[in-house]
Amino acid sequence: MVVGIPREIMHGEGRVSAIPETVAKLKNDGYAVLVEKGAGVEAFFSDDEYAAAGAELVADVAELYQRADIILKVKEPLFNDEKGVHEIDMMHEGQYLITFIHPASPVNHEMVKKMAAKGVISLTLDGVPRISRAQNLDALTSMSTCAGYKGILMAANDLAKFIPQIFCAVGVIKPCNALVIGTGVAGLQALATAKRLGAVTHAADIRPAAAEQAMSLGAKIIDTGVPAEAAVGQGGYANALSEEWILKEREALKDVVKDMDIIFCSALVPSKLAPVIITEEMVKSMKPGSVIVDISIDQGGNCECTVPGETAVKHGVTIEGIKNIPGMLPTSSTWMFAHNIYNLVKYLTKDGTIALDMDDEIVQGILTTIDGKLVHKGAIEAMSK
């Protein structure tokens, strides 16, 4: 089978789905590998390195899509301005696509339907279950680590004041207050980074275990008032809350939000829309010059005012809705991502080809479209709303 590695076309995306090291592993496993010329340049992996690893370099991405049996990407299929066609239009029936699709997100619904109609067999990396045997496949966790670190650095750059306490000849400048909502992998990394920069850190998570981990990093815990039986779902992930509990969570955070200089939003529910926790009224209550970084935007966003893919200023607050924050840390994030996606391909490979075991919970979690149909439960549920 032939694996295709196209160059990512999302604006500002520096990552690539394979590095020379993983290309060599794919070759050793019996795959032929096509790499679009320049695919790894922004992550500082050269064409010569890919060629030395055994890849065939392809100048025309349309040829790569036509010849490949499996496409490995970082981001969901997008419109290719250079070619004047959508990436899905270059794909063919029966072709496998492995990437982050985020099929439950409303902005991706039409794209997912189009992919199903095309007959593409798509597998979304954000559906990998958080179980022990899937740890080395879990690109979402890897990218969350990158997003937590880089997201706080973005907030520091946007902020119009010092983060740490500063002593100077004219007095003392107090440290900034930073609130992290959702203390999974990204949130914990964000807390650790904010703490290193000198912020007074606060954290909110509806899951008791996650809140406890945040406390271990020195954060002041905000009690959301949501009981554990409503909060914790399968595998320790957060449950989708009823409207009643979301309203109570917002109420618990309302008075805290107005005192924050930085709010980092990373509350997610697997394969579902992200809960809206920060309302526009709460944004209005914040001090001018404050910053919100909403990394949950791929699944709809935790802040009502976040603009997908953009940096916006609303009510004097800078709100980061950038969708590819890990792509702003391209070398480290690519190294992590490439190993995750290679491990997934190897896991799915039987006798030199992809073989999907429909009884496997990993396959059940990631399978999005097959046989001309959308089968992803979270996407189907989101579309029904």
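The model is predicted, with local features needing pLDDT of at least 70, side-chain atom pairs counting only at pLDDT 80 or more, and totals for chains, interfaces and linings using all residues. Residues are numbered from 1 along each chain as its sequence is written, and side-chain values use heavy atoms, with hydrogens and water left out.

**View A. Helix α1 (residues 20–28) against helix α11 (residues 330–348).** Helices (H or I, at least four residues) are DSSP runs, numbered from the N terminus. The two axes come within 9 Å and cross at roughly 15 degrees; axes are lines fitted to C-alpha atoms, for helices over the stretch in contact, and angles run from 0 to 180 degrees between N-to-C directions. α1 and α11 are therefore roughly parallel to each other (angles under 35 degrees count as roughly parallel, over 145 as roughly antiparallel). Glu21, Thr22, Lys25 and Leu26 of α1 make the contact with Trp335, Ala338, His339, Tyr342 and Val345 of α11, where contact means heavy atoms within 4.5 Å. Five of these residues are nonpolar, two polar and two charged (Ala, Val, Leu, Ile, Met, Phe, Trp, Tyr, Cys and Pro count as nonpolar, Asp, Glu, Lys and Arg as charged, and the others, Gly among them, as polar).

**View B. Helix α5 (residues 139–158) against α11.** Here the axes come within 9 Å and cross at roughly 175 degrees, so α5 and α11 are roughly antiparallel to each other. On the α5 side the contact is made by Ala139, Ser142, Met143, Thr145 and Cys146, and on the α11 side by Ser333, Met336, Phe337 and Asn340. The contact has five nonpolar, four polar and no charged residues.

**View C. α5 against helix α6 (residues 185–197).** These helices pack at an angle of about 35 degrees, with their axes 7 Å apart. Among the residues that meet are Thr141, Tyr149 and Ile152 in α5 and Val185, Gln189 and Leu197 in α6. By class, the contact has nine nonpolar, six polar and no charged residues.

**View D. The second largest pocket.** A pocket is an open set of points on a 1 Å grid over the protein atoms alone, where a 1.4 Å probe fits, with protein on both sides within 12 Å along at least five of seven lines; lining residues have an atom within 4 Å of a point. Its lining of 27 residues includes Leu273, Ala274, Pro275, Val276 and Gln299, which lie nearest the centre. Elements giving two or more residues to this lining are α9 (243–257) and α13 (377–384).

Definitions and conventions
Grid points are joined across faces, edges and corners, and a volume is the space filled by probe spheres set on the points. Angles under 35 degrees count as roughly parallel, over 145 as roughly antiparallel, 65 to 115 as roughly perpendicular and the rest as oblique.
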